[in-house]
Amino acid sequence: MIKFKNILSQILLEAPNGSINKRLKDAIINRNPVSFYYNGPKGEVLPGRRIRAELVVMGLTKKGNLVVRGWVQPPSTSKKGFDGNKLGTAEYGWRMFIISRMSGINIYEDETFDQKRPGYNESGDKSLTSIEVKSNWGTLPTTPKTELPKPTVTPTAEPKTELPQPKQKEKPSVLPQPQSQIKRDVEVYNDLKNKITNVNNNKEVSPENVKLSIDALYNKKLEDWVKSQSEVGGNIKPGEGTRRKLEKDSEIELFNLLKGDNVKVGGNIPQPETNDEDNETPLMESIKRIKTLIFF
């Protein structure tokens, strides 16, 4: 059963046309921050979003799981919290994630991380039996843009036509979106602005307040979704895919507003979770993860 699960997961992850495997490989090579939802076994890993993780390597473990290792920090979800002083080691921020448990992936392709975090191993990763790809810390290649030739347009004489008679105004078939839905992100961000401080002439906000604002925006989006479903007589109970999308959208919208105002997210030093790799789970749980990959 375990071998069948690993083989089937590997086939799905290596599927063409922008698969999760390929996207993560590109993000690792180009050093792009990655946000995603991680669903670990109950009692071992706290499920939730990991925000702007710095992934540096992808490979296979001794159990045959395809994993990535990366540096995480607030406001990411963590079972043990983010007090690195209790651990007393420089490797507090490193985590390992099984790719088949990742969903709602968002890659910040226009950003790169340039700092090698404490404890980074230049030669690889001792816990991996083989390495698929590592981060490229040299000068990243740039692909020259090829300009397409502009088409030549030959002017032609337009035939004279009678001017159309004015028609009565028709009522729009689609109702305009309520104002409350359009500015949900601005509404939450205005509350967050009150918690932004000035540190050495730099605007900064704590990771805890950012996490609370992301949750608040998610709840407002969920409330709007339920209301819209109720108005059309649809199902008002959101599925996992809907919840993950709302979480992902809430994070992206809030970080875009912070970026637009040049606000930095400060925070405490993170620490690692105790387990580098999840334990094997029954086949039924694997099927749920496969469904998540198919509908991603």
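Helices α5 and α6 are oblique to each other, a term for angles that are not under 35 degrees (roughly parallel), over 145 (roughly antiparallel) or 65 to 115 (roughly perpendicular). The model is predicted, so local features need pLDDT of at least 70 and side-chain atom pairs pLDDT 80 or more, while totals for chains, interfaces and linings use all residues. Residues are numbered from 1 along each chain as its sequence is written, and side-chain values use heavy atoms, without hydrogens and water.

The axes of α5 and α6 (residues 240–260) cross at roughly 130° and come within 9 Å; axes are lines fitted to C-alpha atoms, for helices over the stretch in contact, with angles from 0 to 180 degrees between N-to-C directions. Contact (heavy atoms within 4.5 Å) involves residues of α5 including V210, L217 and W225, and residues of α6 including L246, F255 and L258. By class, 10 nonpolar, three polar and six charged residues make up this contact.

K221 lies in helix α5 (residues 207–231). This residue is buried, with a relative accessible area of 16%; buried means under 20%, exposed over 50% and partly exposed in between, with a 1.4 Å probe and protein chains only. Leaving aside residues up to four places away in sequence, K221 touches L246, D249, S250 and E253. The side chains of K221 and E253 are joined by a polar contact of 3.0 Å, that is, a pair of N or O atoms within 3.5 Å, where within protein one must be able to donate a hydrogen and the other to accept it, and residues adjacent in sequence count only if both atoms are side-chain atoms.

Note on methods:
Helices (H or I, at least four residues) and strands (E, at least two) are DSSP runs, numbered from the N terminus. Ala, Val, Leu, Ile, Met, Phe, Trp, Tyr, Cys and Pro count as nonpolar, Asp, Glu, Lys and Arg as charged, and the others, Gly among them, as polar.
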